[in-house]
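Please walk me through this structure for someone who has not seen it before. Begin with the core, then go on to the sheet and the helix.

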Amino acid sequence: MGSACVLLDFRKQHVYTCCPPVFEHKRSFPPKGTIEMILTRDILFIHIPKTAGVSCTDFLCRNLRQPIAYFSIQASFGKKKYRSAQIFPGFNHETLEEAYSAREKILDLCGIDVNLVEKVLTVVRHPYDLEASIYNFFRNAHRNALQHLSDSPNLVDRIELAKGSFKEFVAGSGYFRQDNMSPDPQQLYRVEDYFLVDGQVPPNVHILKFEDIGETLPNAVRPYLSPEFSGGFPHLNPSNGKRKKPVTEMDDEVKALIYEKHRWLFDHGYYQP
């Protein structure tokens, strides 16, 4: 990136420089009108990307009392069940506002009123490790789910970006997916946008931390577990929490970029810079 003065608009996934441009990206996935979440009459789980979602999904779909509705892209591959959950059509990483806006659709599909759920759960992660995990995810695209989505120009751009330095990736990659609630197709969801409603955290939203999820998630759902529950939280994905290459690049400039990108989590006391 050199010594260029950098002005960042992370939500629109662009980088503007006073010297030669570095990277510019358009929009993220998934398509509009899709849902991924776990829902029972008691619990709604909102999955923020790269926050142990696979482990949380496995635990909740295995152990919550039924009926369990799992809205997932897996439905498009013909899957009907996952663990004890019934699968309904959906895609990756729905927000709470999107879930509420799809209330009638959800009710028609699974018979559960999302507005009446007692407890909404989501997981956040230290932004340093979150950005490192996303970087490694795109850097290893040839070995993960991204290899099946290589026809998306946005994904190809971000995979190419991840071949460069961690600093360039943090500055140029924006956030994980498009803001479906915005008329601007280049507006992206920040981490806090997954659980804020009208700019506030609703009283029934419980924000758990990735770093102690093995204890806090089972405790949060204990009153809603199936009588057959007999196990603990599954092992986290081995890649979670391992910064690998980016740890050597976590200098003050990178930390400043990450702070600006995830200011809400720092300013509200969830993590320290």
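In this predicted model, the largest nonpolar core has 51 residues, and Leu39, Leu44, Phe138 and Phe195 touch the most other members. A nonpolar core is a set of buried Ala, Val, Leu, Ile, Met, Phe, Trp, Tyr and Cys residues joined through side-chain atoms within 4.5 Å. Buried means under 20% relative accessible area, exposed over 50%, and partly exposed in between, with a 1.4 Å probe and protein chains only. Helix H4 (residues 127-139) gives the most to this core, with seven residues. Apart from this core lies another one of 25 residues, among them Leu60, Cys61, Val221 and Phe233. In soluble globular proteins, nonpolar side chains tend to be buried together.

Leaving aside residues up to four places away in sequence, Leu44 touches Met37, Ile38, Leu39, Leu96, Ala99, Val114, Val117, Lys119, Val120 and Leu121; contact means heavy atoms within 4.5 Å.

The chain has nine helices and nine strands. Both are DSSP runs numbered from the N terminus, helices being H or I with at least four residues and strands E with at least two. Seven strands form an open sheet with mixed pairing, in the order S6-S7-S5-S3-S4-S8-S9. Its edge strands, S6 (81-82) and S9 (205-209), each pair on one side only. Two strands pair if DSSP finds at least two bridges between them.

Strand S5 (residues 69-72) can be followed in detail. Ala69 and Phe71 point one way and Tyr70 and Ser72 the other way, and all are buried. In a regular strand the side chains alternate between the two faces of the sheet. S5 pairs with strand S3 (residues 37-39) in the antiparallel sense over three bridges, and Tyr70 in S5 is the bridge partner of Ile38. With strand S7 (residues 85-89), S5 pairs in the parallel sense over four bridges; here Ser72 stands opposite Pro89.

Helix H1 (residues 53-63) is largely enclosed by the rest of the structure, because nine of its 11 residues are buried. These are Gly53, Ser55, Cys56, Thr57, Asp58, Phe59, Leu60, Cys61 and Asn63.

For the chain as a whole, 54% of the 273 residues count as buried.

Residues are numbered from 1 along each chain as its sequence is written. Local features need pLDDT of at least 70 and side-chain atom pairs count only at pLDDT 80 or more, while totals for chains, interfaces and linings use all residues, and side-chain values use heavy atoms, with hydrogens and water left out.
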